[in-house]
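Look over the sequence and the coordinates first.

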Amino acid sequence: MKILVPVKRVVDYNVKVRVKSDGTGVETNGVKMSMNPFDEIAVEEAVRLKEKGIATEIVAVSLGIPACAETIRTALAMGADRGILVETDVELQPLAVAKLLAAIAAKEQPGLMILGKQAIDDDMSATGQMLAAFLGWPQGTFASQLTFADGGITVKREVDGGMETVALSLPAVITTDLRLNEPRYASLPNIMKARKKPIETLKPADLGVDPTPRLKVLKVVEPAKRKAGVKVADVAELVMKLRTEAKVI
Amino acid sequence: MTALVLLDHDSAAIKQPARSAVAAALQLGAADVLVAGHGVQAAAEAAAKLPGVGKVIVADGEAYANGLAEPLAALLVALAPAYTHLLAASTAYGKNVLPRVAALLDVQPISDIAAVVDANTFVRPIYAGNGLATVQSSDEKKVITVRAASFDPVAEEGGSGTIEAAPAVAAQTLSRFISSELSRSERPELTAARVVISGGRGMQNGDNFRLLDPIADKLGAAVGASRAAVDAGFVPNDYQVGQTGKIVAPDLYVAVGISGAIQHLAGMKDSKFIVAINKDEEAPIFQVADYGIVGDLFVVLPALAAELERG
């Protein structure tokens, strides 16, 4: 089974993000960029499925500016076999991403697509569900365990108030939760090997998709800051303040 | 302009996040609601009592019993022509279904809105709430999930909606429900609780989370956790408060042994009052806390329980 894993280049998890003073967005110039953490979990899951003999080939896909090739290289170093870069300067929103991925899926005919449940930049949590809709495939979102049996896939997934297990027919779209696995670090030899793995470059037009954004960002502002309060000496003072000052207990 | 709101329910009552989604919808204009499930007459009647609700559309059938996204999305698409806006709370339920609906309608969804500016324009947090983006949609129809913590929920009583049955939608065989393991708790749900007490890595192990119990019992609080505590396996994933977990805004949030990473703050910084208990006085959590206690949580928690007990 071939697995397609989309990977997004985002501001690194550890960077303290700053809103630009002109209100047009957040500062990304000179900021460390990395693979979206949930996408790392997706790549790791695909690699484990290949190690178990369930997957035969892993294709990492990224969409955006040429630098997204670095994100694909990271996936290749983790164990993906080849990459596809859809190159564009247009700001891609989940609708366009899902359409582009659906077009790639139509060409590549994967048995499974594994995505992160959410990108930590726009926090949309939408692409996987939309991709599944475009393909007419079932979706297993927020997944913490995958089991393959009888030509289908069983997905343990987070729901409000606990977990549930659903059975999906294949092909299917999965989105990863934190609990699915702990991604590996790429070894130096694998980083070297990844340099030789092929990356195909396409344009949105090659896939017949208009990537024009539907949401216009009018402005981005910093949220109101909370003021630091006071340190209290002991629990007696705390309870007194909660009762008489805050009046919340 | 009429909005349709997909409601989270437990077959009997309408959950609080869904009532917040109705509040958001009412800011846009009129609101109808959809109750889908199996054996949901009581929930439909509860929905009809929500103030401001016009029609309650009820989809009662086995296909909807477990909230699978595939049949629900098909149902919402069938209902969509009558509405300008489709909304749901950004719960696991809403986040699973609405983007699927949006794709089927060729619409870019607007996730997790924190404010309504006008019919086309909304404010939503980005980068774990480090930025608030005002976005304007050029789609004719809007598909929206609502950050429940940002909208005061409508009351449970006072409305008089009319109940009608949903149209039938073709059956699907893509997905099938097998089982669920819901965390059994006498406590309120995290996203609806008036008080939340959360533990972090400082709790050291899952057993120590029991130290939070007497305090939670006394305050009627829900118990949550930071991602670090969830990652360490102390507590299940559904305890997680933060950017990729649950977003809460209770009257009182008590953070115990939580350093205060940006990703955690994203999930709780809109709380009315924040209390931090941490032995590291430099911990970033103190920068957002109204009241802080610097101390060993294993000493402070039993003392706090005793102090509350004293009344």
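This is a predicted model: local features need pLDDT of at least 70, side-chain atom pairs count only at pLDDT 80 or more; totals for chains, interfaces and linings use all residues.

Residues are numbered from 1 along each chain as its sequence is written, chains are lettered from A and ligands numbered from 1 in the order in which they are written, and side-chain values use heavy atoms, with hydrogens and water left out.

**Cavities**

The structure holds 5 cavities of 30 Å³ or more. A cavity is a set of points, on a 1 Å grid over the protein atoms alone, where a 1.4 Å probe fits but cannot get out; lining residues have an atom within 4 Å of a point. Points are joined across faces, edges and corners, and the volume is the space filled by probe spheres set on them.

| Cavity | Volume | Nonpolar | Polar | Charged |
|---|---|---|---|---|
| Second largest cavity | about 100 Å³ | 8 residues | 3 residues | 1 residue |

Ala, Val, Leu, Ile, Met, Phe, Trp, Tyr, Cys and Pro count as nonpolar, Asp, Glu, Lys and Arg as charged, and the others, Gly among them, as polar.

The largest cavity has 38 lining residues; Ser90(B), Thr91(B), Lys95(B), Gly245(B) and Ile247(B) are the closest to its centre. Helix H4 (92-104), strand S5 (110-113) and strand S9 (142-146) of chain B each give its lining at least two residues. Helices (H or I, at least four residues) and strands (E, at least two) are DSSP runs, numbered from the N terminus.

The lining of the second largest cavity includes Val11(A), Asp12(A) and Tyr13(A), along with Tyr127(B), Ala128(B) and Asn130(B).

**Helix H3 of chain B**

Helix H3 (residues 69-79) of chain B has 8 of its 11 residues buried, so the rest of the structure largely encloses it. Buried means under 20% relative accessible area (1.4 Å probe, protein chains only). Among the buried residues are Leu72(B), Leu75(B), Leu76(B) and Leu79(B). Their cover includes strand S7 (139-149) of chain A and, from chain B, strand S1 (2-6) and H4.

Val5(A) lies in strand S1 (residues 2-6) of chain A. Val5(A) is buried, at 1% relative accessible area. Beyond four places in sequence, its contacts (heavy atoms within 4.5 Å) include Asp39(A), Ile58(A) and Ile114(A).

Ala133(B) sits in strand S8 (residues 131-137) of chain B. Ala133(B) is buried too, with a relative accessible area of 3%. Leaving aside neighbours within four places, Ala133(B) contacts Lys219(A) and Val220(A), and also Phe122(B), Val123(B), Arg124(B) and Ile126(B).

How values were computed: Buried means under 20% relative accessible area, exposed over 50%, partly exposed in between (1.4 Å probe, protein chains only). On a 1 Å grid over the protein atoms alone, a cavity is a set of points where a 1.4 Å probe fits but cannot get out, and a pocket is an open set with protein on both sides within 12 Å along at least five of seven lines; lining residues have an atom within 4 Å of a point.
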